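Biologist: Please take a close look at one part of this model for me. I would like to hear about the aromatic pairs and the loop that takes part in them.

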Amino acid sequence: MDFSHGKSGRPSILAIVYTDGAAACRLMSDLGRRLRDAGVVVAGLVPYQGAVDDGSPRCDMEVEELSSHFILQLAEERGKQPHGCRVDPEAVQEAAALIAASFRNAPELLIVNKFGKLEADGGGLSDVISDAVDQGIPVIVGVPERHLATWRCFTSGLAEEASLDSPRIQQWLARRGFGLRRNTVGPQHVLNSAA
């Protein structure tokens, strides 16, 4: 991917790198909703509030597309096999189409909850991420540590990186003006709750 063609000349991408998937789900979900509720025009997928991993063995992989508020199921049940759940590539493509359609509303930010195996293999939401960067839309992506090398290759090493508890997340948002919103949720509350 060539990410040097954004409107500013340098892409605005933040990878939130993690090893704890449940904590990453909570952060991405909270971050997306708080920014949207604060008036940021945001697109993308975050774990659905009721679907954040609680440790129970089930195939719930529900996500919310932030601009439309649609709830999507991304997992398919595979019975009682050792790995009884897996991501449904067709459902992910439907989600990608929904996000791509939201680009007509000129989002200020794209959030993608996970750069997973599908994206690491060049599928999934990788085209949506590339399209957002090409359109100059800032992007935040959750990146599991196991996919970090592939992510760095995918972004040509141009993405900034932060851990789940890093103040760099707040700083990245503030540099893009997302901390300056004065709607129903105060900017400091948005930034502090997202860290």
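This is a predicted model: local features need pLDDT of at least 70, side-chain atom pairs count only at pLDDT 80 or more; totals for chains, interfaces and linings use all residues.

Modeller: Take Phe115 and Trp151. Their ring centres are 5.1 Å apart. Their planes meet at 75°, and over 60 counts as edge-to-face, so that is what this pair is. Phe115 sits in the loop between S7 and H3, while Trp151 belongs to helix H5 (residues 148–154). The pair therefore ties together parts that are 36 residues apart in sequence. Phe115 and Trp151 are both buried.

Phe115 also pairs with Phe154. Here the centres lie 5.4 Å apart, with 40° between the planes, and the pair is tilted. Phe154 is in helix H5 and Phe115 in the S7–H3 loop, so this pair links parts 39 residues apart in sequence. Now the burial. Buried means under 20% relative accessible area. Phe115 has 0%, so Phe115 is buried. Phe154 has 10%, so Phe154 is buried too. Together, Phe115, Trp151 and Phe154 make up one aromatic cluster.

Back to the loop. Asn113 is found there as well, between strand S7 (109–112) and helix H3 (117–120). Its relative accessible area is 17%, so Asn113 also counts as buried. What does Asn113 touch, leaving aside neighbours within four places in sequence? Its contacts are Tyr18, Met28, Leu45, Val46, Pro47, Val63 and Gly142.

Terms used: Residues are numbered from 1 along each chain as its sequence is written. Side-chain values use heavy atoms; hydrogens and water are left out. Helices (H or I, at least four residues) and strands (E, at least two) are DSSP runs, numbered from the N terminus. Buried means under 20% relative accessible area, exposed over 50%, partly exposed in between (1.4 Å probe, protein chains only). Contact means heavy atoms within 4.5 Å. Rings of Phe, Tyr and Trp (its six-membered ring) pair if their centres lie within 6.5 Å; planes under 30 degrees apart count as stacked, over 60 as edge-to-face and the rest as tilted.
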